[in-house]
Amino acid sequence: MSLRLLLIISGGLESLVGVLALISPTTVVSLLLGASTDATSAVLVRLFGAGVFALGLACLKARDDVSSAAGLAVSIGIASYNVLASVVLLWAAAGLGLDGLLLWGAGIGHAVLSALFISALVTSR
């Protein structure tokens with residue numbers, strides 16, 4: 001799969017999740033972790049949403065320039081994010097026993113995107 005297509009997919013998904021987290025942090029926490037939120041966690045989820053939204057925008061902007069140093073940096077950044085996100089989400093599901101409706105799916109989805117990004121980065125060199 002091409003880096004361009006992966007950046008479009010990741011950029012779109014992360015932008016949508018970011019907007020959802022900014023608008024309704026309670027929904028994000030409930031769907032992912034199966035837990036409720038207080039004022040402090042709502043602020044942190046909104047901060048997460050802002051960061052993920054910005055990362056999604058960077059991916060969408062870099063999609064047409066994957067061969068440049070900046071495009072490569074964005075691709076490496078989103079690949080790293082996907083690796084780390086998959087580890088954290090799968091640990092939360094398996095290790096902590098959290099049971100949000102989308103937790104396992106999000107963890108597996110990030111793991112698949114990680115593998116696809118790593119493969120695309122290795123073959124693009």
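A pocket, as the word is used here, is an open set of grid points with protein on both sides within 12 Å along at least five of seven lines. The model on screen is predicted.

**Stop 1: the largest pocket**

Begin with the largest pocket, which holds about 770 Å³ of space. Its lining counts 27 residues. To find the middle, select Leu-32, Phe-48, Leu-89, Ala-106 and His-110, the lining residues nearest the centre. Next, colour the helices H1, H2, H3, H4 and H5; each of them gives two or more residues to the lining. Which helix supplies the largest share of the lining? The answer is H4, with six residues.

**Stop 2: helix H1**

Select residues 3-23, which form helix H1.

Now select Leu-3, Leu-6, Leu-7, Ser-10, Gly-11, Glu-14, Ser-15, Gly-18 and Ala-21, the buried residues of H1. Turn the view to look down the axis of H1: these residues fall within an arc of 150°, so they line one face of the helix. On the other side of H1, pick out Leu-16 and Ile-23, which are exposed. What covers the buried residues of H1? The cover includes helix H2 (25-33), helix H3 (39-62), H4 and H5.

**Stop 3**

Apart from neighbours within four places in sequence, Leu-3 touches Val-66, Ser-75, Phe-117, Ala-120, Leu-121 and Ser-124.

**Stop 4: Gly-100**

Finish in the loop between helix H4 (69-94) and helix H5 (103-124), where Gly-100 is found. Is Gly-100 buried or exposed? Gly-100 has 9% relative accessibility and therefore counts as buried, since the cut-off for buried is under 20%.

Gly-100 and Val-29 are 71 residues apart in sequence, while their C-alpha atoms are 8.1 Å apart in space. Then show the contacts of Gly-100: neighbours within four places in sequence aside, these are Ser-30, Leu-31, Leu-32, Leu-33 and Gly-34.

Notes
Residues numbered from 1 in each chain as written. Predicted model: local features only at pLDDT ≥ 70, side-chain atom pairs only at ≥ 80, totals over all residues. Heavy atoms only, no water. Helix = DSSP H or I, 4+ residues; strand = E, 2+ residues; numbered from the N terminus. Buried < 20%, exposed > 50% of the residue type's maximum accessible area, 1.4 Å probe, protein only. Contact = heavy atoms within 4.5 Å. Expected span 1.5 Å × (residues − 1). Arc of directions from axis to C-beta. 1 Å grid on protein atoms, 1.4 Å probe; cavity = no way out; pocket = protein on both sides within 12 Å on 5 of 7 lines; lining within 4 Å. Points joined across faces, edges and corners; volume = space filled by probe spheres on them.
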